[in-house]
Amino acid sequence: MEVKRRSIGQIFIVVFLFLLALVMIYPIYNQLVISLTGPEYIAAADGTTLVARGMTLDTYRSVLSIKKVYRGLLNSLYITSVGLVINIVLTSMGAYALTKRDLPGRSLIITFIIITMIFEGGLIPDYFLMRDLGLLNRYWSVILYKAVNPYYLIILLRFFDRVPKSLIEAARMDGYGEIRILFSIVIPISVAGIATISLFYGVFHWNEYFRSMIYLIDEAKMPLQVVVRELVIAGEKANFIGATNYFNVQGAATVDFKALKAALIILVIIPILLFYPFVLRYFVKGRLEGSVKE
Amino acid sequence: MEVKRNLKKRIIRDKQIYLLLFPVILFFFVWHYIPMWGARIAFQDIRYIGDNQWAGLKHFRMLFSSPVFARVFLNTIVISSMKIFIFFPMPIVLAFLFNEVTSQGYRKFVQSVIYLPHFFSWVVIAGIFISLLSSPDGVVNQILIFFGADPVPFMTSTRHIRWVFVVSEIWRSIGWDSILYIAAINSISPTLYEAATIDGASRLQQALRITLPSILPTVITVFILNLGFFMNAGFDQVFNMMNDAVINHVDIIDTYVYRIGLAKGNFSLGTAAGLFKGLIGLFLILSTDRLSRKATGEGVW
């Protein structure tokens, strides 16, 4: 009875949500199809192509044989992994210290951190800081950028708060130091919290391109996002398969620019897709823990 | 005296905690507070030999008399307003729609698909939209052609580019931003709906009379938070989607700071523009925080 009464409105909503999901997924699917289309069919492929004809992984082989691209991939992996370790260690240290409610000066320290969320020196003073620290053209300038994000610190703080105080007190009785308590008790218990902020920070590092563009000077140090941007957005074709590189790229002569762009877009989102199941598990909850807007 | 000794004792007791905090505080000091002090170059002329010289408000006067900055300022407000007023209600509506779906499996499926674009960089999203909207190959123009309309070069059309911003923002964030509202709806007590059903209220009536008022505080809080960040019209989006054909319509303060300040080397002028934006932002955040305290009894911060 109940179901029947509201069926029309409900069917409408179900169909609408399906269309919405389609709108979200189709542009990505279309890029995937174009990237897999064989050279003899690629000229005819466009935004409405649903099936990859003459399916081949050649475009990916060509893309990965471009020096810039595989170096970019390695750079991104390096920056993301080193950055992540530093993020987790620093954020855990800060969050654990702030779980101690009776710490003298606690609210002062929190204010000190929150001020950085609402006011910043800006792009140019940031750039000058990197120059003065001698970090320009070094990976550290990018690795340490936003090394502690206050939003994520607050999220982790809420996870750490759930660790039973009795456990920590007992460890103190046993003569454990605070550093040992943090690393051997609090962090292992808060796996979900660590996973959540790791995903936040990981996505941040993986997607970062702008500071890399301005802080790093050598082309050889650029992360993948910068390389993708150069080709897909700025359209600097010549830098990739033109002139000097042309004959170095395996099969470059048969690779279509459109297919190359599509393959790059897919390549750079593959890690996101791989981690997406974990993202769904932790991110959505993390969003609610933090209740903050990005 | 007693209190003081007590404090000293507590500080000594917590010395390991301070040791843990030290690198974090050092990080914020170096990476955030030194640049705040560095922003004083907005009031200086940069000298490459010897110390910078104080220039008072010279760069601000230059900024405010510049027609380019006036345009950039206006673009920031227009683009930000379009995003807030057009985009803002959409995730709320979406959350209401999800609430009407009885099949948990279907709900989960749709949700996991529409959250996805949030995790792509604007480089990727811009790349996807450039392809999606290309003329005449992109799917949007193919559809237009199918219905007998002329293809539109959206990315280079001054009439359309701001709408491209709004639509790509929707594409990226409608799902993600609906999460907060979905959670707010889930926390409503089911007994309210049961009582309403017994009283014969339709689903629509229930949505408007029970769901909407219940999530209103969340809506207000998010709206106020958005207003606080009003001056951030979306640097990454604009930076990756702009091109020479539309630059006058899309250039915002943040892209202006980059172009004038870093790319062209007018460091003081660029910093002045950034500082001006930062001060407006600070004012907005502090006043919206007060507004929030009045409206919901809770601050944003």
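Select chain A and colour it by domain: domain 1 covers 1–56 and domain 2 covers 66–290. These bounds come from an automatic or database domain assignment. Residues are numbered from 1 along each chain as its sequence is written, and chains are lettered from A in the order in which they are written. This is a predicted model, in which local features need pLDDT of at least 70, side-chain atom pairs count only at pLDDT 80 or more, and totals for chains, interfaces and linings use all residues.

Stay on chain A and go to where its domains touch. Seven residues of domain 1 of chain A are in contact with eight of domain 2 of chain A. Two residues are in contact if their C-beta atoms, placed from the backbone, lie within 7 Å. The domain 1 side of chain A has four nonpolar residues, three polar and no charged. Ala, Val, Leu, Ile, Met, Phe, Trp, Tyr, Cys and Pro count as nonpolar; Asp, Glu, Lys and Arg as charged; the others, Gly among them, as polar.

Now select chain B. Domain 1 is 1–56, and domain 2 is 61–122 + 168–296. Taken over C-alpha atoms, the centres of these two domains of chain B are 33 Å apart. Six residues of domain 1 of chain B and five of domain 2 of chain B form the contact. The domain 1 side in chain B has four nonpolar, one polar and one charged.

Finally, show both chains. Here 67 residues of chain B are in contact with 72 residues of chain A. Pick helix α2 of chain B, residues 15–38: its 14 residues are the largest share of the chain B side. Helices are DSSP runs (H or I, at least four residues), numbered from the N terminus. Colour the chain B side by class to find 45 nonpolar, 16 polar and six charged residues.

Note on methods
Helix = DSSP H or I, 4+ residues; strand = E, 2+ residues; numbered from the N terminus.
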